[in-house]
Amino acid sequence: MHLTEEQLNEYLDEATTERAQIEAHLSSCEECAARLSTLQNVFAELDSLPELELTKSLAAPFTLHPSLPAQLPKFLTLTAFLQAAVALVALIVAVPFASALLPQIELPSFTKLFFQIQTQWTVWLDQLSTFNLPTFQPINLPTLEMSSLLFTLAGVSVLWILGNGLLLRNQMK
Amino acid sequence: MPTDRDLILRARRGDAEGREAFGELVTRYQTSVFNVCYRMLHERGEAEDLAQEVFIRAYDRIHTFDIEREFGPWIRRVAANLCLNHLEGQKVTAELDDERDADSAQLPESVQEIRERSEQIRGALASMPAHYRVVIELRHYQELSYEEIAEELKIPLSDVKSHLFRARKILAEKLHASN
């Protein structure tokens with residue numbers, strides 16, 4: 001009676017309680033000893049397999065930081081402060097002009113404009129009801145003073161410079 | 001040098017420093033994890049991709065890792081399982097890799113012989129069904145007991161033994177034939 005495959009495998013895996021009996025059998029049975037030797041060779045072959053090296057590091061996705069915005073050049077950093085300073089000066093300079101110009105500027109009244117449009121619309125409707133071709137009557141738009149345009153432009157410029165300076169300052173952090 | 005446990009605790013923070021700490025763990029275990037994948041798949045590119053996947057999944061689940069366990073054996077078992085799932089999901093067997101260098105002719109004869117024999121062993125492993133490969137991997141390279149393999153693969157103990165013994169028999173025949 002020869003040893004089973006299970007007995008031989010469990011013997012080599014050191015997972016049997018029949019160790020003494022198996023060894024006694026192996027010492028007297030050449031066939032089972034040969035089968036064990038074949039199995040031992042498989043163990044040895046598997047053990048002989050060398051470890052291979054990686055061609056790339058697998059740690060890269062964990063060690064590399066996500067791409068941050070590139071550091072701004074030094075001159076741009078200075079420009080940001082310069083822009084903020086210029087904006088402040090412009091604001092200070094603009095204040096007296098604004099206080100002097102504001103009372104002179106005749107801002108268009110929305111209510112007045114709306115009233116004009118409404119009146120015009122009523123006139124058109126009247127004309128349509130009489131089946132006469134409507135006659136064009138130009139709307140009197142409020143005239144804008146050059147000073148008010150300049151003041152608006154200056155205000156927008158100051159806001160743009162100030163905003164730009166603040167944005168650049170945030171990027172520098 | 002920080003221990004694996006220290007690195008895992010730092011990695012759990014989930015911030016940039018935590019990622020760095022996990023990167024250190026990857027550096028420590030990437031070769032052994034890659035070799036698990038390579039023994040199972042026998043294709044370098046695929047093995048590297050799977051090994052990377054193992055670490056990405058491990059990082060995502062780092063909060064659930066039992067800090068009292070050893071990280072190395074755990075990550076290698078995860079790798080074996082992932083490779084098994086990968087192989088079972090494959091319908092067509094991928095073309096196997098030939099690890100031999102192009103300039104192997106210039107190597108000493110003994111080194112060439114070792115390389116060729118390694119290739120034969122890897123080739124024999126790769127020719128077997130996935131569930132045979134994984135029990136060989138877990139028993140011979142990760143030194144798990146029959147019971148541990150059964151628990152890891154969630155299969156009966158009798159299946160572990162039959163797969164393992166059958167796999168060894170096939171390997172013996174293939175390796176004997178290639179001699």
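At what angle do the axes of helix α3 of chain A and helix α8 of chain B cross? In this predicted model, the axes of α3 (residues 30–47) of chain A and α8 (residues 157–178) of chain B come within 9 Å and cross at roughly 85°; the axes are lines fitted to C-alpha atoms over the stretch in contact, with angles from 0 to 180 degrees between N-to-C directions. Local features need pLDDT of at least 70 and side-chain atom pairs pLDDT 80 or more, while totals for chains, interfaces and linings use all residues. Residues are numbered from 1 along each chain as its sequence is written, and chains are lettered from A in the order in which they are written.

**The crossing helices**
- α3(A) and α8(B) are therefore roughly perpendicular to each other, a term that covers angles of 65 to 115 degrees.
- T38(A), L39(A), V42(A) and E45(A) meet R168(B), L171(B), A172(B) and L175(B), where contact requires C-beta atoms, placed from the backbone, within 7 Å.

**Chain A**
- Chain A has seven helices and zero strands, helices being DSSP runs of H or I with at least four residues and strands runs of E with at least two.
- Of its 173 residues, 8% count as buried, meaning that 20 or more other C-beta atoms lie within 10 Å of a residue's own.

**The contact between the chains**
- The contact takes 31 residues from chain B and 22 residues from chain A.
- On the side of chain B that touches chain A, the largest share, 12 residues, comes from α2(B).

Key
Angles under 35 degrees count as roughly parallel, over 145 as roughly antiparallel, 65 to 115 as roughly perpendicular and the rest as oblique. Two residues are in contact if their C-beta atoms, placed from the backbone, lie within 7 Å. A residue is buried if 20 or more other C-beta atoms lie within 10 Å of its own, exposed if 12 or fewer, and partly exposed in between; C-beta atoms are placed from the backbone.
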